[in-house]
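Subject: Structure handover

Hi,

Here is the structure I promised to pass on to you.

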Amino acid sequence: MANNRPLSPHLQIWKWGPHMLVSILHRISGDGMALVGLFVLVWWLGALASGPDYYETFAGLMTSVPGYVVLVGLSWAFFTHLMSGLRHFVLDIGAGYELNANKFWSIASPLIAILLTAGFWALILNK
């Protein structure tokens with residue numbers, strides 16, 4: 001009986017497309033912000049409440065190279081999630097389902113997120 005069951009469509013039927021990458025990045029960026037971002041936020045609030053010495057330790061670690069990697073990664077996750085969310089909002093209102101428009105915005109969303117991240121950090125580091 002189990003051998004006669006139909007298989008659901010999988011990778012042998014669906015072709016890989018940029019919309020799949022955007023969907024995966026949306027999930028990864030949301031999880032990254034939830035897990036890593038929450039940890040950094042709680043650590044920052046705890047250091048802030050614990051006094052100047054603890055806050056100085058936090059600030060020193062966050063302004064080191066590994067700290068900047070974490071912060072740039074969080075900002076990239078934010079902008080990636082934002083752009084993907086805006087793309088999905090447009091799809092939810094019924095627009096953008098044409099193949100060329102969908103493919104264009106699937107490619108443009110992560111690229112715009114990278115540009116926004118670079119611009120954000122250029123603004124921060126130039127102040």
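First, a convention for the angles: those under 35 degrees count as roughly parallel, over 145 as roughly antiparallel, 65 to 115 as roughly perpendicular and the rest as oblique. This is a predicted model, where local features need pLDDT of at least 70, side-chain atom pairs count only at pLDDT 80 or more, and totals for chains, interfaces and linings use all residues. Residues are numbered from 1 along each chain as its sequence is written, and side-chain values use heavy atoms, with hydrogens and water left out.

Helix 1 with helix 3
The axes of helix 1 and helix 3 are 8 Å apart, at an angle of about 135° (axes are lines fitted to C-alpha atoms, for helices over the stretch in contact, and angles run from 0 to 180 degrees between N-to-C directions; helices are DSSP runs of H or I, at least four residues, numbered from the N terminus). The two helices are therefore oblique to each other. Among the residues of helix 1 in this contact are His 26, Ser 29, Gly 30 and Met 33, while helix 3 brings residues including Ala 77, Thr 80 and His 81 (contact means heavy atoms within 4.5 Å).

His 81
UniProt, in an unreviewed entry, lists His 81 for "binding site"; such annotations may be inferred rather than shown by experiment, and UniProt positions are given in the numbering used here, with feature names shortened. His 81 lies in helix 3 and, at 25% relative accessibility, counts as partly exposed (buried means under 20% relative accessible area, exposed over 50%, partly exposed in between, with a 1.4 Å probe and protein chains only). Leaving aside neighbours within four places in sequence, His 81 touches His 26, Ser 29, Gly 30 and Met 33.

Ser 75
Also in helix 3 (residues 65–92) is Ser 75, which counts as buried because its relative accessibility is 8%. Not counting residues up to four places away in sequence, Ser 75 is in contact with Thr 117, Phe 120 and Trp 121.

Helix 1 with helix 4
Helix 1 (residues 18–50) and helix 4 (residues 99–125) have axes that come within 8 Å and cross at roughly 40°. That makes helix 1 oblique to helix 4.

Transmembrane spans
The "transmembrane region" annotation from the unreviewed UniProt entry covers residues 21–45, 65–83 and 104–124. Residues 65–83 are 100% helix, with end C-alpha atoms 27 Å apart; residues 104–124 are 100% helix too, and their end C-alpha atoms lie 30 Å apart.

Best wishes
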